[in-house]
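I opened my notebook for a first look at this chain. Here is what I looked up, entry by entry.

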Amino acid sequence: MRVKQQHFRTIWKQAPAVCLIDQTRLPFEFATVEVTTLAQMCHAIRSMQVRGAPLIGAAAAYGVALGVQELASDEHLALVVKQLVATRPTAVNLTWAAQRMQQQLLALPMSARATAAWALAQAIADEDVTQNLAIGQHGKALIAAKRTVNPQQVVNILTHCNAGWLATVDGGTALAPIYAAHDAGLRVHVWVDETRPRNQGASLTAWELAQHGVPHTVIADNAGGHLMQHGQVDMVIVGADRVTREGDVCNKIGTYLKALAAFDQQVPFYAAVPTPTIDWQLARGADIEIEMRDADEVAYMQGQGDDGQVQRIRVIPHESTALNPAFDVTPARLVTGIITEQGVFTPEQLARLEPSYA
């Protein structure tokens with residue numbers, strides 16, 4: 001993707017450091033951070049300087065490389081993986097990437113592990129980009145099919161949270177089909193849920209859509225059902241932090257409500273995910289550990305004041321408490337399809353992918 005006409009990935013190696021885009025400072029400031037230690041990478045993941053399931057998987061891979069660079073013993077490698085996995089419990093990509101690194105590095109002599117770790121982390125990052133571009137092409141076909149009756153139709157797509165370029169190494173998941181359709185000349189418009197409490201839709205999705213020139217409108221989270229009732233949403237596409245083998249979709253809190261409204265209004269509801277986001281060991285979404293984040297993310301909001309300064313403002317009474325579950329689970333019965341790099345599958349059809357990725 002491009003930022004002011006310059007190509008960026010969200011994370012990349014720049015010896016001796018790993019560089020990443022600091023997403024906590026968007027949309028008002030575009031800044032990059034150099035990470036040189038395992039502890040710094042754990043902080044970057046936990047504080048959401050990097051976020052999005054595929055991206056934190058790649059960040060975990062680079063984190064293992066940083067850790068092995070410090071010490072390459074079996075015991076230290078196990079500790080590195082444990083520390084990384086503990087940073088964010090819900091997204092399966094993080095555990096998948098860290099354990100993949102561990103398994104492959106354990107098969108090598110200690111003297112070869114540091115070099116191999118960097119190469120493997122780079123391979124995981126590159127794989128993510130390839131998968132996301134393929135997701136874009138499969139999803140583009142769904143968007144194009146909406147225009148068969150009227151080629152001039154603007155296809156209105158609602159999305160929740162940020163599952164774009166910023167949530168991946170490059171290309172995006174839920175936004176990948178939108179970018180592919182836009183670049184192919186299809187007329188699309190995106191309804192962008194602001195996505196409380198961290199406003200990742202309003203701050204990140206809207207920002208990157210603007211960078212790419214895609215028409216979009218930011219809406220309050222609770223406006224989506226109203227727009228569906230009035231025929232203003234042609235499809236919903238979201239990302240996911242974990243999909244079970246039976247097709248339950250775990251995504252940013254509030255996704256379940258969008259799926260219910262879409263089901264009631266017969267609006268197609270899709271989740272776009274690379275196959276590493278599918279947890280073949282888990283059948284039911286009810287068994288997913290839901291991350292509980294700091295209540296201050298609900299109690300406070302961040303924005304730019306009229307003076308141009310970024311400010312943090314409390315929005316609830318000091319006497320009040322807040323609860324902040326980060327994700328919810330949309331049951332498979334509400335999901336029209338899962339868009340993967342291998343194609344589009346109903347929840348019932350997901351099993352055909354399992355032999356290759358289990």
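**Two prolines.** I found P27 in the loop between β4 and β5; helices (H or I, at least four residues) and strands (E, at least two) are DSSP runs, numbered from the N terminus. The peptide bond that leads from L26 into P27 is cis, with omega near 5°. P197 sits in the loop between β7 and α7.

**How to read these notes.** This is a predicted model, in which local features need pLDDT of at least 70 and side-chain atom pairs count only at pLDDT 80 or more, while totals for chains, interfaces and linings use all residues. Residues are numbered from 1 along each chain as its sequence is written, and side-chain values use heavy atoms, with hydrogens and water left out.

**Phi values.** I reminded myself that most residues other than glycine have a negative phi, and most peptide bonds are trans. T195 has a phi near 65°, a positive value in a residue other than glycine. I located T195 in the loop between β7 and α7. Is T195 buried or exposed? T195 is buried, at a relative accessible area of 2%; buried means under 20% relative accessible area, exposed over 50%, and partly exposed in between (1.4 Å probe, protein chains only).

Q266 is not a glycine either, yet its phi is positive, about 60°. I found Q266 in the loop between α9 (255-264) and β12 (269-272). Q266 is exposed, with a relative accessible area of 75%.

**Helix α1.** I went through residues 38-46, which form α1, and listed the buried ones: L38, M41, C42, A44 and I45. Down the axis of α1, these buried residues fall within an arc of 160°, so they line one face of the helix; the arc is that of the directions from the helix axis to the C-beta atoms. What covers them? The cover includes the strands β3 (11-14), β4 (17-21) and β5 (32-35), together with the helices α2 (53-70), α3 (74-85) and α4 (92-106). Here contact means heavy atoms within 4.5 Å. Just after α1, I saw that M48 takes a positive phi of about 70°.

**Helix α6.** How many residues of α6 (residues 176-183) are buried? I noted 6 of its 8, which makes the helix mostly covered. They are A176, P177, I178, Y179, A180 and A181. These residues pack against α5 (110-145), β6 (155-159), β7 (188-193) and α7 (200-212). Just after α6, G185 has a positive phi of about 90°.

**The whole chain.** I ended with the overall picture: 11 helices and 18 strands. The C-alpha trace spans about 60 × 55 × 40 Å along its principal axes. Of the 358 residues, 55% count as buried. Among contacts between residues at least 6 apart in sequence, 75% join residues at least 24 apart.

For 358 residues, a compact globule would have a radius of gyration near 21 Å, and the 20 Å of this chain agrees. That radius is taken over C-alpha atoms, and the globule rule is 2.2 Å times the number of residues to the power 0.38.
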